[in-house]
Amino acid sequence: MLFPQPTDLTIDEPLEPVDAACPECGNEAVFKYRLVDYRGWLRVTKCRACLNVLDRVRIEPPAQGGA
Ligand SMILES: [Zn+2]
């Protein structure tokens, strides 16, 4: 791995590396992952270096059986 594992990582979702550089700081530690806020699920693309959010998309909740 090129990037050291952050010690403050609290996300359970797997981080998906994005082949892009952060427009803010130029770092290539850009990852895409899902998260949940009070309105539901989001997929965000975020720089792990400066925490700039490159993209944020509202997504359908993951299938959890039923419905
Ligand atoms: Zn950045």
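Which residue is the bridge partner of P17 in β2?

Reply: In β2, P17 has F31 as its bridge partner. Before the surroundings of this pair are described, two remarks on the basis of the description are needed. Residues are numbered from 1 along each chain, following the sequence as it is written. The model is predicted, and local features therefore need pLDDT of at least 70, side-chain atom pairs count only at pLDDT 80 or more, and totals for chains, interfaces and linings use all residues.

The protein has four strands and zero helices. Here helices (H or I, at least four residues) and strands (E, at least two residues) are DSSP runs, numbered from the N terminus. Read from the N terminus on, the elements follow one another as β-β-β-β.

The four strands make up an open sheet, in the order β1-β2-β3-β4, with antiparallel pairing. Its edge strands are β1 (16–17) and β4 (53–58), each of which pairs on one side only. Two strands are said to pair if DSSP finds at least two bridges between them.

The pair in your request belongs to the contact of β1 with β2, the latter comprising residues 30–37. These strands run antiparallel and are joined by two bridges. One of the bridge partners is F31, which belongs to P17; E16 has K32 as its partner in β2.

Together, β2 and β3 form a hairpin, with two residues between them.

Beyond β3, the loop between β3 and β4 contains L51. The phi of L51 is near 65°, a positive value in a residue other than glycine. Most residues other than glycine have a negative phi. L51 is exposed, because 10 other C-beta atoms lie within 10 Å.

How values were computed. Buried ≥ 20, exposed ≤ 12 C-beta atoms within 10 Å, placed from the backbone.
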